[in-house]
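Reader: I am new to this structure and would like to know what stands behind the words used for it. Could you take me through them?

Author: Gladly; here it is.

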Amino acid sequence: MMKRCIVIGSMPVEFDLNSIITAEDFIICADKGYLNAQQQGIEPHVIVGDFDSAPAPTDTKAKVITLPCEKDDTDSYYIARQIVKDGYTHAVFCGVTGGRPDHTFANIQMLKFMAKNGVDTQIIDRDSTYKVLIDGKTVMPPQENCYFSIFSLDEKCTGVSEEGGKYELSDVELTNDFPIGVSNEFTGNPVEITVKNGTLLIITTKKD
């Protein structure tokens, strides 16, 4: 049975969060992310952070977990570890891209941690969706006016194939120093992406 949580981060959220939240979702805000939730009328279940970018909330029914400012984990990574520990099968992170590039990159690396621990996880922002695929296959439904790109998060990924897009790949090797998988396009068909060995980052982005 699917058990999903939504994580709202502190970076700008420029889309309607209510469009992706269901009544069954468990909602976690990371630090200043509770302000993003408030702006859209969303009441989280838990708020986690060191509150270095905004004061800890006092007018909330949510459980507030205060972390030390000096720690190894970012707020988002701390939450990711808890998601794995609490047995969630799916997670969606919003408000974790844009702003500081180091935090954006850390959150993309977090996707690999989640995938290795069996949690189907996406990062969503206004224009793009990010997910990681390890040693497996995924099928994406056709999407209008969108690009999709794949990148190797390991030194190399082998047995990489793409079927159903404008440009197809068949059993090729991708490395992390040559972005050959950038800017493929949907053609109205489902797209199947396979990697036999390695970790792929898949990014779907709206066209301008």
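Author: Let us start with a pair of strands: five bridges join E1 to strand E5 (residues 90-94), and the two run parallel. This is a predicted model, in which local features need pLDDT of at least 70 and side-chain atom pairs count only at pLDDT 80 or more, while totals for chains, interfaces and linings use all residues. Residues are numbered from 1 along each chain as its sequence is written, and side-chain values use heavy atoms, with hydrogens and water left out.

Reader: What makes E1 and E5 a pair?

Author: Two strands pair if DSSP finds at least two bridges between them. E1 and E5 have five bridges, so they pair under that rule. Within E5, cysteine 94 is the bridge partner of isoleucine 8. Strands themselves are DSSP runs (E, at least two residues), as helices are (H or I, at least four), numbered from the N terminus.

Reader: Which sense, parallel or antiparallel, does the pairing of E1 with E2 have?

Author: E1 and strand E2 (residues 26-30) pair in the parallel sense, over four bridges. Isoleucine 6 stands opposite isoleucine 27 of E2.

Reader: How do you know that strand E1 is mostly covered?

Author: Five of the five residues in E1 (residues 4-8) are buried. Buried means under 20% relative accessible area, exposed means over 50%, and partly exposed lies in between (1.4 Å probe, protein chains only). In a regular strand the side chains alternate between the two faces of the sheet. In E1, Arg4, Ile6 and Ile8 on one side and Cys5 and Val7 on the other are all buried.

Reader: Why is asparagine 184 called buried?

Author: Asparagine 184 has 4% relative accessibility, so it counts as buried. This residue lies in strand E11 (residues 184-185). Leaving aside neighbours within four places in sequence, asparagine 184 is in contact (heavy atoms within 4.5 Å) with residues including Cys146, Phe148 and Tyr167.

Reader: What makes the link between asparagine 184 and glutamate 162 a polar contact?

Author: A polar contact is a pair of N or O atoms within 3.5 Å; within protein, one must be able to donate a hydrogen and the other to accept it, and residues adjacent in sequence count only if both atoms are side-chain atoms. The side chains of asparagine 184 and glutamate 162 make such a contact at 2.8 Å. Another joins the side chains of threonine 205 and serine 128, at 3.1 Å.

Reader: How many residues line the largest pocket?

Author: The lining has 21 residues, and Ser10, Met11, Asp52, Asp75 and His103 lie nearest the pocket's centre. On a 1 Å grid over the protein atoms alone, a cavity is a set of points where a 1.4 Å probe fits but cannot get out, and a pocket is an open set with protein on both sides within 12 Å along at least five of seven lines; lining residues have an atom within 4 Å of a point.
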